[in-house]
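Colleague: I would like to learn how to read a few features of a structure that is new to me. Could we take them one at a time?

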Amino acid sequence: MIKLISFGKLKEILGSDIDTKAENTDKLMIQINEKFPELKHFTLRIAVNQKIVSENTKLKDNDVVALMPPYSGG
């Protein structure tokens, strides 16, 4: 199992943290977008075990995947 956590507006949509199974981040996002279609309108950042990833990343038991909304700052 992996733990999916979210922040900001995404937390409002997903609710509490989710325990789920997925082989990799691409498959995880397919699952999440099917369950929460409103997320398709967001450009998300994904972090696996506190490291931001930009490519499909293999997931293993006890990984923590964070979904983060776009952010800006100066």
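Modeller: Start with the pair aspartate 17 and lysine 11, which form a salt bridge in this predicted model.

Colleague: How far apart are the closest N and O atoms of aspartate 17 and lysine 11?

Modeller: The general idea comes before the number. Side chains of opposite charge can pair when their charged atoms come close. Here the closest N and O atoms of aspartate 17 and lysine 11 are 2.8 Å apart. The cut-off for a salt bridge is 4 Å, so the pair counts as one.

Colleague: How many salt bridges does a search of the whole structure find?

Modeller: The search finds five. One of them joins the side chains of lysine 9 and glutamate 12, at 3.5 Å from N to O. Both residues belong to helix α1, which covers residues 9-14. They are three residues apart, about one turn of the helix. Lysine 9 is partly exposed at 46%, while glutamate 12 is exposed at 61%.

Colleague: Which residue meets aspartate 63 in a salt bridge?

Modeller: Its partner is lysine 60, with 3.3 Å from N to O. Read the accessibility of each side separately. Aspartate 63 has 4% relative accessibility and therefore counts as buried. Lysine 60, at 56%, counts as exposed.

Colleague: Now the helices. Which residues of α2 are buried?

Modeller: Thr25, Leu28, Met29, Ile32 and Asn33 are the buried residues of α2. To read such a list, look down the helix axis. Seen that way, the buried residues of α2 fall within an arc of 130°, so they line one face of the helix. The face turned away from this buried side carries Glu34 and Lys35, which are exposed.

Colleague: What do the buried residues of α2 pack against?

Modeller: They pack against four strands: β1 (2-6), β2 (18-20), β3 (45-48) and β5 (64-68). Threonine 25 has a relative accessible area of 3%, so it is buried. Beyond its neighbours within four places in sequence, threonine 25 is in contact with Ile46, Val48, Glu55, Asn56, Thr57 and Leu59.

Colleague: Which residue caps the N-terminal end of α2?

Modeller: Asparagine 24 does. To read a cap, find the side-chain atom and the backbone atom that it faces. A side-chain oxygen of asparagine 24 lies 3.2 Å from the backbone nitrogen of aspartate 26.

Colleague: How many of the five residues of β5 are buried?

Modeller: Four of the five are buried, so β5 is mostly covered.

Terms used. Residues are numbered from 1 along each chain as its sequence is written. This is a predicted model: local features need pLDDT of at least 70, side-chain atom pairs count only at pLDDT 80 or more; totals for chains, interfaces and linings use all residues. Side-chain values use heavy atoms; hydrogens and water are left out. Buried means under 20% relative accessible area, exposed over 50%, partly exposed in between (1.4 Å probe, protein chains only). Contact means heavy atoms within 4.5 Å. Helices (H or I, at least four residues) and strands (E, at least two) are DSSP runs, numbered from the N terminus. The arc is that of the directions from the helix axis to the C-beta atoms. A polar contact is a pair of N or O atoms within 3.5 Å; within protein, one must be able to donate a hydrogen and the other to accept it, and residues adjacent in sequence count only if both atoms are side-chain atoms.
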